[in-house]
Amino acid sequence: MTGSIAAIGMGLAAIGAGIGVGSIGGKAMEAIARQPEALGDIRANMILTAALVEGAALIAIIVAFLVA
Amino acid sequence: MKDLQRFLVSFALIPVISLIVALPVSLVAQHTEGQHSEQPAEHVTDSTHANLGHDEHADTSHTHTCHFHHDVIEEEYDATSTAFHHISDANVYSIGSFNFPLPCILYAKGHGWDVFSSKRFDFEFYGHGEGHKAYNKYVLDEGQVKRVQDESFPSGEVTIEGYIHENVIIDGKKAMNAYVCHEGKHYKLDNQSTADGGLFGGAMTSFYDFSISKNVFSMILITALLSWAFFGIARAYKNRAMMAPKGLQSFIEPIFVFIQDEVAKPFLGKHWEKFLPLLLSFFFFILGLNLFGQIPIFGGSNVTGNLAVTAVLALIAFVVVTINGNKHYWSHMLWMPGVPAIIKIIILTPVEILGMFIKPFTLMLRLFANITAGHIVVLSFVGLIFIFGKLGTSMAGVVGGAIVSIPLTMFIMAIELLVAFIQAYVFTLLVASYIGAATEEAHHDEKH
């Protein structure tokens, strides 16, 4: 059995970011379905928010690299 | 009918392309196999020694025999270290398996500067990029310049007998110690300089590497390419004013207009014209390097997946935001109006000041981690071939591995193409939003 606890932490962070990005994407889809004419604005904001949420997972990757 | 024909032709193209990609891979595998069959028996014991390194305890005894990469049975295919080797910087430029020399600019304390071509290390043109000669105590180990710190190692040009790598456990962390052999003696090698932040196993070193390395070379190449393209396009706009765009112009113009209308104008308000050149430079520089890193044979240089590069990009963004921050921005950062003083002191101001540094920090990590992760995933899928094929000893495994791995690799590379655009866009978008937040004028009637 090899590996480290850092990998588990990384996985947990990925779950969190996954839930976050998933709900952002889902809500954006709903918003686009409701107001297709606002597609451009919604998409830009969706990517911006997703990038911010993703930051948490990326910091987890780095910590996992450093600790592992 | 014509559509069907076109469809069939493109459908037939896919297996042909796959085969073209697969052939060199299996050739490499066979190449390795051919070498293995010529192995003298004594190296088998060497491989068992090397296996000790994989145990939990450190193996510090110098029982390994000296060897170059190509004349040893690798104890086990180590996918992780192979992937990390390929995403890290190098002092030789590899196109396919062929190595080309790059200039080395090195500085060591107490020794001074050394400027020479990495050709001096006498590495193989086809192979792993391992130098057969040392020059002024510098050696080329797997494409990377390292230095011998030992005083007894001769200066000038000397022939060396090989390298030893051993895995050791230091403070519970896996680390790699490298040794060089000269006249039967082992000399410990210093690690490379740690511009990577030591993330990839760097440590304190006795020398600084300012070389035109693989990454630097790629950066110069992309910058030259972009300048050529943009100067050409700018001239085209001058010469063909008020005419429909042509050639490269019609490829760049929509991207330019997209950044201008979707990123600069909404986020920067009336300052958009001032910061548009910066945003476009960020976008095209990152995009160009992302895409260049995706080309598998041209060294696959992982420039935007290098922490030092993204750190400098983020630093530029940080400096621009800090310099351009107006009174409104700083008052909201340091002393948010309309909030009780105690809350400001305890939580708000410290958090805002932390946030000021966390913003460029995540900017740096996001680009780095996305591009590096993409490269590692691709390399891992390619590594499947070697894992299934047991390093070329089982041809059936190689074929099976190739069948599994090539479609997966192509799929991931298609995604990475998308990621290259998205990450360049996200970086630009976030820089624009940070600058926008810093330059926004007060309009207290709308917000808060």
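1. How many bridges join β1(B) to strand β2 of chain B, and do the two run parallel or antiparallel? There are 4 bridges, and the strands run antiparallel. Strand β2 covers residues 98-101 of chain B, and its residue B:Phe100 is the bridge partner of B:Tyr93. Together β1(B) and β2(B) make a hairpin with 2 residues between them. Have a look at B:Gly96 in that turn, where phi is positive, at about 65 degrees.

2. Before going further, a word on confidence: this is a predicted model. The predictor gives the complex an ipTM of 0.74 and a pTM of 0.77. For chain B, the mean pLDDT is 75, with 75% of its residues at 70 or more. Go carefully with residues 21-63 of chain B, where the pLDDT is below 50. That stretch still has 46 contacts in the model beyond near neighbours in sequence.

3. Now the two chains. Chain A has 68 residues, of which 12% are buried, and its secondary structure is 2 helices and 0 strands. Chain B has 448 residues, with 30% of them buried, and carries 10 helices and 12 strands.

4. For chain B, residues 24 or more positions apart account for 64% of the contacts with a separation of 6 or more.

5. Where do the chains meet? The contact takes 13 residues from chain A and 10 residues from chain B. On the side of chain A that touches chain B, the residues divide into 10 nonpolar, 2 polar and 1 charged.

6. Next, the largest nonpolar core, which has 49 residues. The members that touch the most others are B:Leu279, B:Ile286, B:Phe427, B:Val431 and B:Ala432. The largest share, 12 residues, comes from α10(B). As background, nonpolar side chains in soluble globular proteins tend to be buried together.

7. Leaving aside neighbours within four places in sequence, B:Ile286 is in contact with B:Thr304, B:Leu367, B:Gln423, B:Ala424 and B:Phe427. Apart from this core lies another, of 21 residues, including B:Ala90, B:Val92, B:Leu106 and B:Ile164.

8. Finally, is B:Thr80 buried or exposed? B:Thr80 sits in helix α3 (residues 79-87) of chain B. It has 12 C-beta neighbours inside 10 Å and therefore counts as exposed, because the cut-off for exposed is 12 or fewer. B:Thr80 and B:Ile376 are 296 residues apart in sequence, yet their C-alpha atoms are 8.7 Å apart in space.

How values were computed
Residues are numbered from 1 along each chain as its sequence is written. Chains are lettered from A and ligands numbered from 1 in the order in which they are written. This is a predicted model: local features need pLDDT of at least 70, side-chain atom pairs count only at pLDDT 80 or more; totals for chains, interfaces and linings use all residues. A nonpolar core is a set of buried Ala, Val, Leu, Ile, Met, Phe, Trp, Tyr and Cys residues joined through C-beta atoms within 7 Å. A residue is buried if 20 or more other C-beta atoms lie within 10 Å of its own, exposed if 12 or fewer, and partly exposed in between; C-beta atoms are placed from the backbone. Two residues are in contact if their C-beta atoms, placed from the backbone, lie within 7 Å. pLDDT is the predictor's confidence in each residue, from 0 to 100. Ala, Val, Leu, Ile, Met, Phe, Trp, Tyr, Cys and Pro count as nonpolar, Asp, Glu, Lys and Arg as charged, and the others, Gly among them, as polar. Two strands pair if DSSP finds at least two bridges between them.
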